[in-house]
Each structure stands twice: as structure tokens, then as C-alpha cells.
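Dear colleague,

Please find below the structure that I am handing over to you. I would be grateful if you would look at it alongside the notes that come after it.

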Amino acid sequence: MSQSAFITGATSGIGYATAKVLASRGYRLGIAARNSEKLEAVKQELEMKFNSEVYTYVLDVRDAEAIKQVAAQAVQDMGVPDVLVNNAGLARGLESYEETDEADIIQMVDTNIKGLFLVTHAFLPGMVKRNTGHIINLGSTAGLYAYKGAAVYCATKAAVKTFSDGIRIDTIDTDIKVTTIQPGIVHTPFSEVRFHGDKKRADAVYEGVDTLHPEDIADVIAFVLDRPLRVQISDIVIMADQQATGFMVSKTPRVPHK
Ligand SMILES: NC(=O)c1ccc[n+]([C@@H]2O[C@H](COP(=O)([O-])OP(=O)(O)OC[C@H]3O[C@@H](n4cnc5c(N)ncnc54)[C@H](OP(=O)(O)O)[C@@H]3O)[C@@H](O)[C@H]2O)c1
């Protein structure tokens with residue numbers, strides 16, 4: 001039977017690109033996010049383009065009970081997934097911490113940390129029982145380099161990296177692999193979400209930068225998954241060419257190569 005993958009946040013950006021790349025490789029997919037219409041649109045697209053088997057799950061990863069129900073349903077529909085891509089995540093605001101809205105703090109922590117931990121908790125026992133599985137967690141360069149106005153977001157992504165390292169230790173005696181993907185600047189709706197729908201402000205983040213595309217990250221995920229059993233890629237950091245740290249991005253116009 002073909003491989004299966006469960007992807008959170010598969011309706012946009014990196015998760016959507018990952019769903020497409022895995023569908024093109026014949027994976028059976030479980031895709032989860034909050035917006036049911038977008039989920040259905042992605043399912044239809046993947047079925048049409050790749051003849052994929054796709055199951056959709058309306059899920060807010062902040063809801064612990066919902067995670068348990070969705071995971072149980074997904075296992076019933078497609079078996080314990082061979083691959084879990086913990087991608088759902090977001091930044092909210094770019095203010096100094098003392099001015100950060102409490103609701104934004106809670107949303108980032110509950111989505112990026114609690115949600116990711118509990119989705120993993122729901123699927124990992126089945127993987128351990130089967131002695132196989134690959135967990136791909138979306139961290140960020142923000143988890144390696146803190147930047148101004150993003151104390152909480154950066155801390156949540158540092159938590160993702162440490163959590164991944166922890167479960168890699170816990171599953172050392174199994175064939176389960178754990179990978180943290182840490183992208184730099186990727187052009188997706190991420191900044192629009194961060195700025196609460198302010199598209200103009202979001203566009204300014206990417207202006208003058210040859211950013212990464214979500215497909216670049218999806219390709220790396222496919223590469224990580226394609227390695228032979230003996231190879232476990234623990235961490236990958238991917239930056240844009242014009243990027244040096246998490247938030248240090250050059251907007252100097254490119255000089256032609258000599
Ligand atoms: N873009 C970047 O520059 C960048 C860089 C490094 C790391 N990352 C990380 O990559 C991941 C994906 O980001 P992206 O840029 O692709 O963002 P995006 O385009 O905004 O996509 C985020 C996805 O997560 C889903 N989501 C958000 N909150 C959710 C919740 N509570 N429950 C379930 N699903 C939820 C969204 O769908 P719904 O709104 O329908 O739920 C959407 O499908 C995030 O973890 C982000 O931190 C992004």
C-alpha cells in the first residue's frame with residue numbers, strides 16, 4: 001500500500017505545497033486546518049491533478065479534545081500515518097513584548113506549541129506500536145535567532161526544535177525519525193496573518209527580497225522523506241539567498257554576476 005501522511009495547516013503556504021508534493025508522489029493524505037471550504041478545495045485539486053486519496057479534517061489544533069477525535073478518525077480512515085507533518089502555526093503581531101496583546105500570546109503558544117505537542121501525542125503511540133513513522137516539525141530560523149517584536153513567536157519555534165530533539169531521544173530504539181525544518185523568509189500568507197489582515201504591511205515585508213517559495217520547503221521535506229532507512233535528518237535550516245539570520249534580510253538590489 002502507498003505511504004500515508006497527515007499534514008496540519010495544509011490549506012495554505014508551506015503545508016499546501018507539501019500536500020501537493022506528497023500527493024504527486026502517490027502519498028495518501030489526511031489534511032487538517034480550521035477552514036472547511038479551503039480543505040475541500042485542496043482535496044478536490046489533489047484528487048483531480050494527482051488522482052490522490054485525500055481525507056479532510058476540520059481541526060483547530062488548540063482544541064485538545066478535537067485533536068483526539070480527529071486523530072482517531074484519521075487512523076480509522078487511513079491507518080496510522082507513515083508521516084506526520086506538524087506545520088500549522090502562526091505569528092501574531094510584531095510589537096515589543098510589553099505591548100503584545102495577551103490574546104496573541106495565547107494563540108501563538110496554543111497553536112505552535114500546545115497544538116503541535118498534542119497532535120504528536122495523538123499519533124506517536126500508533127507509530128511506536130508499528131515501529132515506524134516520520135515526524136516532520138515546522139520550526140523556523142526564528143527559533144534559532146530571536147528578533148525584535150517576536151519574543152513569543154521565536155520562543156515557540158525554539159520549543160519546537162527542543163521538543164523534536166526530545167522525542168527523537170524517546171524513540172531512539174525504534175525506526176521512528178524526527179526532523180525539524182527551520183525555514184527563513186518564505187512568501188506565504190504568514191505575514192498577513194501576523195499583521196491581522198493588513199496586506200499592505202505584509203507585502204512590505206517581502207518587497208525587494210527574493211524570498212523562498214513554499215515549494216522550496218516542500219521539496220526539502222520530500223528530500224528528507226526519501227532518504228533510506230539508515231538516514232535520519234534531524235534538522236534543516238533553509239534561508240533565502242539574501243538572508244543571514246532569522247530576520248536579517250538584505251533589500252539591497254542584486255548586482256549582476258561578473
Ligand atoms: N512563512 C514563513 O516565512 C515561515 C518561516 C519559517 C517557519 N514558518 C512556519 O511554517 C508553518 C506554516 O506557515 P506558512 O507560512 O505556510 O503560513 P500560512 O500560509 O499562514 O499557513 C498556515 C496554515 O496553518 C493553518 N492553521 C493556523 N492556525 C491553525 C489552528 N489553530 N489549527 C489548525 N490549523 C491552523 C492555516 O489554516 P486555517 O487558518 O484554515 O486553520 C493554514 O493552513 C508555520 O508553523 C510557520 O510558523 C513559516
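The notes below describe the ligand site first, and then the pockets and the cavity. Please bear in mind that this is a predicted model.

The ligand and its shell

The ligand sits in the largest pocket. Around the ligand there are 30 residues, and those that come nearest are Thr11, Ser12, Arg34, Tyr153 and Thr188. By class, this shell holds 14 nonpolar, 12 polar and four charged residues. Helix 1 (13–24), helix 5 (151–170) and helix 6 (190–194) each contribute at least two residues to the shell.

An N or O atom in the side chain of Tyr153 lies 2.6 Å from an oxygen atom of the ligand. A polar backbone atom of Ile14 is 2.8 Å from an oxygen atom of the ligand. For Asp60, an N or O atom in the side chain is 2.9 Å from a nitrogen atom of the ligand. Taken alone, the ligand exposes 880 Å², and the protein buries 93% of that area.

The largest pocket

Helix 6 provides the largest share of the lining, four residues.

The second largest pocket

The second largest pocket has a volume of about 220 Å³. It is lined by 13 residues, and Gln3, Asp82, Thr132, Gly133 and His134 lie nearest its centre. Strand 5 (132–138) and strand 6 (175–183) are the elements that give two or more residues to this lining; strand 5 gives the most, with three. The lining of the second largest pocket divides into four nonpolar, four polar and five charged residues.

The cavity

The count of cavities of 30 Å³ or more comes to one, and the largest cavity has a volume of about 60 Å³. Among the residues lining the largest cavity are Arg92, Glu95, Met108 and Tyr153. Helix 5 supplies the largest share of the cavity lining, three residues. By class, that lining has seven nonpolar, three polar and two charged residues.

With kind regards

Methods:
Residues numbered from 1 in each chain as written. Predicted model: local features only at pLDDT ≥ 70, side-chain atom pairs only at ≥ 80, totals over all residues. Heavy atoms only, no water. Near = heavy atom within 4 Å. Polar contact = N/O pair within 3.5 Å; in protein donor to acceptor, adjacent residues only side chain to side chain. Areas by Shrake-Rupley, 256 points an atom, 1.4 Å probe, with all protein chains shown as cover. 1 Å grid on protein atoms, 1.4 Å probe; cavity = no way out; pocket = protein on both sides within 12 Å on 5 of 7 lines; lining within 4 Å. Sits in = over half its atoms within 2 Å of the grid points. Nonpolar A, V, L, I, M, F, W, Y, C, P; charged D, E, K, R; others polar. Points joined across faces, edges and corners; volume = space filled by probe spheres on them.
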